[in-house]
Amino acid sequence: MLLTIVMVSAAVRVAVDWPNIIAGTTPSEDDFAERYIAHPWLAYLHIAPGVVYLLGAPLQLSRRFRTRHYDVHRRLGRILLTCALISGMFAFLFGVPHAWGGAPEAVATVVFGSWFLTCLVLAFRAIRHDDVRQHRRWMIRAFAVGVAVGTIRIWVGIFESIEQAISGGTTPGAPDPTMFGVAFWLAFIMHVALGEWWLRRTAALTS
């Protein structure tokens, strides 16, 4: 479900942004899209590799796929790791200076973006030392926080629905900046916590 939300969100961004990027225009009454249109390279060097990583990661985490296609798993892993690192680095370059949710979103991007990149680096380090168990644990942590981008959209939708209900549908349709920042913190904290819970409850991943 979360991957579907990510794909739909990415498709909406492309549909809204690229006609305006090509034409050099900005859609009227859509302040949210301005940062994507004004900084397309930063935005899409975060979005595109991130989507590739999120789509490929579940396959990499599948025990059946790893055991049946180990060579493919290793080659695909290098590609997805590269995509994830690029996406994570451009999350800082785009998400911090151009945060729609202001300081709360920017700080969340720094905190959880750093955690995401740390998980990836430690996963790579573990597999280089043939520590498969720790490699898998760190990759699960990375995927858990990465796929939180889908849950951010769920929280934003909840907040928008509440705001529209309270105002009787008179407020703008774009996300509220303050609530957008809050959605970042709620989603990322949830996913980091759920990732740790999953690792502790799964016997095959404990020492």
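**Words and the values behind them**

Author: Phe 65 is found in helix H4, residues 63-68. The model is a predicted one.

Reader: Is Phe 65 buried or exposed, and how do you know?

Author: Phe 65 has a relative accessible area of 13%. Buried means under 20%, so Phe 65 is called buried.

Reader: What is Phe 65 in contact with, leaving aside its neighbours within four places in sequence?

Author: Phe 65 is in contact with Leu 59, Gln 60, Tyr 70, Val 72 and His 73. Contact here means heavy atoms within 4.5 Å.

Reader: Why does Asp 130 count as exposed?

Author: The relative accessibility of Asp 130 is 67%. The word exposed applies over 50%, and therefore Asp 130 counts as exposed. Asp 130 is placed in the loop between H6 and H7.

Reader: What can be said of phi in Asp 130?

Author: Phi of Asp 130 is near 60°, which is a positive value in a residue other than glycine.

Reader: What makes Arg 133 partly exposed?

Author: Arg 133 has a relative accessible area of 30%. Buried would need a value under 20% and exposed one over 50%, so Arg 133 is partly exposed. Arg 133 has its place in helix H7.

Reader: How many residues apart in sequence are Thr 118 and Arg 141, and what is the separation in space?

Author: Thr 118 and Arg 141 are 23 residues apart in sequence. From C-alpha to C-alpha they are 9.8 Å apart in space. As another pair, Arg 133 and Phe 184 are 51 residues apart along the chain, and their C-alpha atoms are separated by 30 Å.

Reader: Which residues of H2 are buried?

Author: In H2, the residues Phe 32, Ala 33, Arg 35, Tyr 36 and Ile 37 are buried. The buried residues of H2 pack against H1, H3, H5, H6, H8 and H9.

Reader: At what angle do helix H1 and helix H8 pack?

Author: Helix H1, residues 2-23, and helix H8, residues 148-167, pack at an angle of about 75°, and their axes are 8 Å apart. Angles of 65 to 115 degrees count as roughly perpendicular, so H1 is roughly perpendicular to H8. On the H1 side the contact is made by Leu 2, Ile 5, Val 6 and Ser 9. On the H8 side it is made by Val 149, Gly 150, Thr 151, Arg 153 and Ile 154.

Reader: How do the residues of the contact of H1 with H8 divide?

Author: The contact of H1 with H8 has five nonpolar residues, three polar and one charged.

Reader: What is the volume of the largest pocket, and which residues are the closest to its centre?

Author: The largest pocket has a volume of about 890 Å³. Of the 39 residues that line it, the closest to its centre are His 46, Val 149, Ile 152, Arg 153 and Phe 184. H8 gives the most to this lining, with seven residues. By class, the lining of the largest pocket has 23 nonpolar, 11 polar and five charged residues.

Reader: What lines the second largest pocket?

Author: The second largest pocket holds about 690 Å³ of space. It is lined by 22 residues, and the closest to its centre are His 73, Arg 74, Gly 77, Ile 127 and His 135. H5 gives the most to the lining of the second largest pocket, with seven residues.

Reader: How many cavities of 30 Å³ or more are there, and what makes a space a cavity?

Author: The structure holds two cavities of 30 Å³ or more. A space is called a cavity because a 1.4 Å probe fits there but cannot get out. The second largest cavity has a volume of about 40 Å³. Its lining consists of Trp 115, Arg 141, Ala 144, His 191, Val 192, Gly 195 and Glu 196. H9 supplies the largest share of that lining, four residues.

Definitions and conventions: Residues are numbered from 1 along each chain as its sequence is written. This is a predicted model: local features need pLDDT of at least 70, side-chain atom pairs count only at pLDDT 80 or more; totals for chains, interfaces and linings use all residues. Side-chain values use heavy atoms; hydrogens and water are left out. On a 1 Å grid over the protein atoms alone, a cavity is a set of points where a 1.4 Å probe fits but cannot get out, and a pocket is an open set with protein on both sides within 12 Å along at least five of seven lines; lining residues have an atom within 4 Å of a point. Grid points are joined across faces, edges and corners, and a volume is the space filled by probe spheres set on the points. Helices (H or I, at least four residues) and strands (E, at least two) are DSSP runs, numbered from the N terminus. Axes are lines fitted to C-alpha atoms, for helices over the stretch in contact, and angles run from 0 to 180 degrees between N-to-C directions. Angles under 35 degrees count as roughly parallel, over 145 as roughly antiparallel, 65 to 115 as roughly perpendicular and the rest as oblique. Ala, Val, Leu, Ile, Met, Phe, Trp, Tyr, Cys and Pro count as nonpolar, Asp, Glu, Lys and Arg as charged, and the others, Gly among them, as polar. Buried means under 20% relative accessible area, exposed over 50%, partly exposed in between (1.4 Å probe, protein chains only).
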